[in-house]
Amino acid sequence: MVQRIVISLEQVNDLQITLTAAQHHYLERVLRLGAGDRFIAMDGQGHSWLAELTLTTPTAHAKILDHLDIQTELPVAITLVAALPKGSGFDEVVRQCTELGVAEIVPVLSDRTLLQPSPQKLERWRRIAQEAAEQAERQIVPPVREPLSLVNHLETLPGRECHKFFCEARDTYPHLLPQLTACRLDWPIMLAVGPEGGWTEAEIQQAIAAGYQPVSLGERILRAVTAPLAAMAIVAAVLETHEKPQ
Ligand code: SAH
């Protein structure tokens, strides 16, 4: 398997990539690549290149051999809006939803979310998203946005041309799957999932007033770290199997 690393577009100059010390270290010491070995460099924004390591000192470079036309992204963007769970639970949410193809992650603070996360946590989630995108062979690294309150998120919601689903366990809302298959699938999708304690009634009403459709993910109560995966898997499966209209 050809190893992949994320670089930034500014490192690409003509047919050469200038590697940072950390990338050089990673390629040489962690992946054990030497001069002449090949790897895939991706900029996390949709570009990928096949490159060959050329070890020059003091700065290591790589020669670009080919611009790769890989496509592993979902046909429409899915934004996960997730209330922050306790402890380190969000690490897994970021990792697994990135593997499943999420385009953007918006952490929200809800009535039952305890703490504003530290800047270190945000950095950590961004690093996890990068690692998971590399591992899943994606072309984009989903951005993890600055955490904001649910109310602020609802204020900035796109009004039209976007499907917005609000996952709620405690009511007889329709299941996400039929709701999804009934709608046009060329619009971006937003999925909101609550914290361990669930959304409050007021939050559910505010979300509905802001244009979210409440949906169920089945009869069982999923944990706050499980529900985003279930929702993502359902949406990804529908998007990747539906026939495009001719
Ligand atoms: N303690 C809460 C459950 C919270 S589960 C309660 O007892 O009601 C955490 C979040 O996962 C919920 O806010 C919801 O967004 C989502 N979730 C869990 N199970 C779900 C289900 N069966 N259907 C829809 N959403 C679900």
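**View 1. Helix α1 on the strands of the predicted model.** Helix α1 (residues 21-30) lies across β1, β3, β4 (38-42) and β5 (48-54) and runs at about 170° to β1. Helix α3 also packs on the sheet, where α3 touches β1 and β4 and makes about 150° with the direction of β1. Axes are lines fitted to C-alpha atoms, for helices over the stretch in contact, and angles run from 0 to 180 degrees between N-to-C directions; contact means heavy atoms within 4.5 Å. Helices (H or I, at least four residues) and strands (E, at least two) are DSSP runs, numbered from the N terminus. The model is predicted: local features need pLDDT of at least 70, side-chain atom pairs count only at pLDDT 80 or more, and totals for chains, interfaces and linings use all residues. Residues are numbered from 1 along each chain as its sequence is written, and side-chain values use heavy atoms, with hydrogens and water left out.

View 2. Six strands form an open sheet in the order β1-β4-β5-β6-β3-β2, with mixed pairing. Its edge strands, β1 (4-6) and β2 (12-13), each pair on one side only; two strands pair if DSSP finds at least two bridges between them. The pairing of β2 with β3 (residues 16-18) is antiparallel, over 2 bridges, and places Val12 opposite Ile17 of β3.

**View 3. The largest nonpolar core.** This core has 42 residues, and Leu176 and Leu191 touch the most other members. A nonpolar core is a set of buried Ala, Val, Leu, Ile, Met, Phe, Trp, Tyr and Cys residues joined through side-chain atoms within 4.5 Å. Elements giving two or more residues to the core include β7 (78-83), α2 (89-100), β8 (104-109), α5 (176-181) and β11 (189-193). Helix α7 gives the most, with 8 residues. Beyond its neighbours within four places in sequence, Leu176 contacts Phe165, Leu191, Val215, Ser216, Leu217, Ala231, Ile234 and Val235. Another core, of 16 residues, lies apart from this one, and Val106, Leu157, Phe166 and Ala207 are among its members.

View 4. In α6 (residues 201-209), Glu203, Ile204 and Ala207 are buried (under 20% relative accessible area; exposed is over 50%, partly exposed in between, with a 1.4 Å probe and protein chains only). Seen down the axis of α6, these buried residues fall within an arc of 100°, so they line one face of the helix; the arc is that of the directions from the helix axis to the C-beta atoms. They pack against α4 (150-155) and β10 (163-167). Exposed Glu201 and Ala209 sit on the face turned away from the buried side. Gly211, with a positive phi near 110°, follows α6.
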